[in-house]
Amino acid sequence: MTATPLLPRNAPFLPEEIEMLNKVVARTTPQQRSWLAGFFAGFEAAQGGSVGQAVPAARPRAPLTILYASESGNAEALANKAKKAAQKHGLDAKVFDMADADMALLAKAKNIVVFAATWGEGDPPSRVVDFYQTLMSDAAPRIDGVRFAVLALGDTAYAQFCAVGRAIDARLEELGGVRSFDRVDLDLDYVKQAADWTENALAKLAPKEEAASGTVVHVDFGAAAQFADDDEPKYTAEHPLEAEISALVNLNGTGSTRETWHAEFAFDDPAFTYKPGDAIGMYPENDPALVDDVLQAVGLGSDAALLLKLQKSYDVTTLSRSFVENFAKLTGRADAKALLEGEAYPKFASDRQLIDFFQAYPEKLTAEQLTSLLRPLPGRLYSVASSLKAHPGEAHLLVGAVRWESHGRVRKGVSSTFLGERRKVGQTARLYVKSNRHYRLPPDGHTPIIMIGAGTGVAPYRAFVEERVADGAKGKSWLFFGERNFTNDFLYQLEWQDYLASGDLTRIDVAFSRDQPEKIYVQHRLWERRDDLRTWLEEGGHIYVCGDEKGMAKDVDQMLVKILAEPLKGDEEAGRAKLKELTKAGRYQRDVY
């Protein structure tokens, strides 16, 4: 049995010192600890400190409500870290997902911290739409005098950068709240700035301490156990794992218009763990030919060291409004500044990248100037396509190669062609895990599951079925899969057929859109099988959707509303309400992008 650590993580020692002290103290007897207490009191007195017996009054505490709006899990992770940090500031924090919260929470709050992500072009994360719309409506309660602070997450590649966080910040003030700390708007490289902002915001919200009359340090031992039991993962976006590529297989046939890579990564460290439904982040490298073009365009073509640095660490593709603003300030170019007026920027930026801008607005830059304009190269997230129970020490991904042509230039997806063109078996890639607790198999293995996906959206379902087979789960499973052609694009076809034969997959319905004159998609198969679908739901089934939010996932959502509305005289409002009930119950889960 492991002893409970006595010092919390926020004790004023280095992590290795805390670990060492906990090991020593855990083996002491009450008599030994009493002797140590007297020894340290005498030591403090010898150093000129006070050894008065008076114990200071307990530090005042205050309640804190932490709300988050999260799509990929970043805002959720920040909220949970803030809860831990709040303890040392005298704040008793409770964390709430906006998807599960109601407006009464705001009315009762004394102090509020919000972590809000923006999804796509200025939209709230899909799960929190109802809460967000109510907050922006006349139904929102007054919060007069409530202190608040908002951190906004976004992506400068989108025009409506951090729009949701900005709107929530303004709305809380409109409702009578008092801004205790200024909002920050953070891009994809948010981690360090978010940690600093959280610490400062909590310090502002902390209750004022009363003067202490002694040197006794108050330690919340219950909190110490909490900190120790909830360890940070070893491998994160900031500290990825270097994993070996053990397999790379193009799953499409030679006649396909697609190129979809099944990639297997091997690792030895058992600390790298994931669950079906999670995403694996991969840090790619830029195409060196594109990096060279960028360097040539800014007059740095002969700098080989800079080429390697940009190839591995900087985003050299994404053209954003903030980039143009910074470029105009740096160079003083009036023509670049004019691009930001009216509709000039969106017209120019449509399907263009940084190389197009540098060639249209040529300017000699130093290496320092260039890197100051570029943001860090972000990782790309992929739904994990394997179960650790089925493949110990491995993680499998399904990656569709992205290529297109625009404005006379061939374009390539940074991550997908890094894997499909510039990496070979035996080489490595940097990976990390992005947990997704909102996309999980039912805890009861007897629960029916309905899995809907197109193209690479089938990846998590391979992991789901493998996990259920490994667990010996007996629940029914039904896969709806869509792609272009049966012959060349049926991803994991042999595996699905084997699972059908063994009974580990109960049913499969496929939609190959280009195999007949009329286009057939997965939503059409759902409508054809609607009676059976409703039966599975009546038996407690869970529905999963994975794929493109604005395409397949949106169409499937509308079709499910129609299917649920049919027995209710076609009332789509009632069908939508039914789907929301399934969502609230965790029986309708989406992994969309």
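Tutor: Start with a term: a nonpolar core is a set of buried Ala, Val, Leu, Ile, Met, Phe, Trp, Tyr and Cys residues joined through side-chain atoms within 4.5 Å. Keep in mind that this model is predicted. Its largest nonpolar core has 32 residues, and Leu310, Leu319, Phe323, Phe357, Phe358 and Leu370 touch the most other members.

Student: Which elements give two or more residues to this core?

Tutor: They are α9 (288-297), α10 (304-313), α11 (321-331), α13 (344-349), α14 (354-360) and α15 (367-373). In general, nonpolar side chains in soluble globular proteins tend to be buried together.

Student: What does Phe358 touch, not counting residues up to four places away in sequence?

Tutor: With those left out, Phe358 touches Val294, Ala297, Val298, Phe323, Phe327, Leu365 and Leu370.

Student: Why is Gln353 called buried?

Tutor: Its relative accessible area is 12%, and buried means under 20%. The value falls under the cut-off, so Gln353 counts as buried. Gln353 sits in the loop between α13 and α14. Leaving out residues up to four places away in sequence, Gln353 touches Thr317, Leu319, Trp404 and Arg411.

Student: And how much of the whole protein counts as buried?

Tutor: Of its 593 residues, 48% do. The protein has 23 helices and 18 strands.

Student: What makes β1 and β2 a pair?

Tutor: Strands pair if there are at least two bridges between them. Strand β1 (residues 62-69) and strand β2 (residues 91-97) have seven bridges, in the parallel sense, so they meet the rule. From β1 the chain goes through helix α3 (residues 74-86) to β2, a β-α-β crossover that is right-handed. Within the pair, Leu67 stands opposite Phe96 in β2.

Student: Why is that crossover called right-handed?

Tutor: With the strands pointing away from you, a path from the first strand over the helix to the second that runs clockwise is right-handed. The crossover from β1 through α3 to β2 is of that kind.

Student: How many cavities of 30 Å³ or more are there?

Tutor: The count comes to one, and the largest cavity has a volume of about 30 Å³.

Student: Which residues line the largest cavity?

Tutor: Leu67, Met98, Leu106, Ile112, Val114, Phe131, Leu135, Ile168 and Leu172. The elements giving two or more residues to that lining are β3 (111-117), α5 (129-135) and α6 (163-174).

Technical notes. Residues are numbered from 1 along each chain as its sequence is written. This is a predicted model: local features need pLDDT of at least 70, side-chain atom pairs count only at pLDDT 80 or more; totals for chains, interfaces and linings use all residues. Side-chain values use heavy atoms; hydrogens and water are left out. Helices (H or I, at least four residues) and strands (E, at least two) are DSSP runs, numbered from the N terminus. Buried means under 20% relative accessible area, exposed over 50%, partly exposed in between (1.4 Å probe, protein chains only). Contact means heavy atoms within 4.5 Å. On a 1 Å grid over the protein atoms alone, a cavity is a set of points where a 1.4 Å probe fits but cannot get out, and a pocket is an open set with protein on both sides within 12 Å along at least five of seven lines; lining residues have an atom within 4 Å of a point. Grid points are joined across faces, edges and corners, and a volume is the space filled by probe spheres set on the points.
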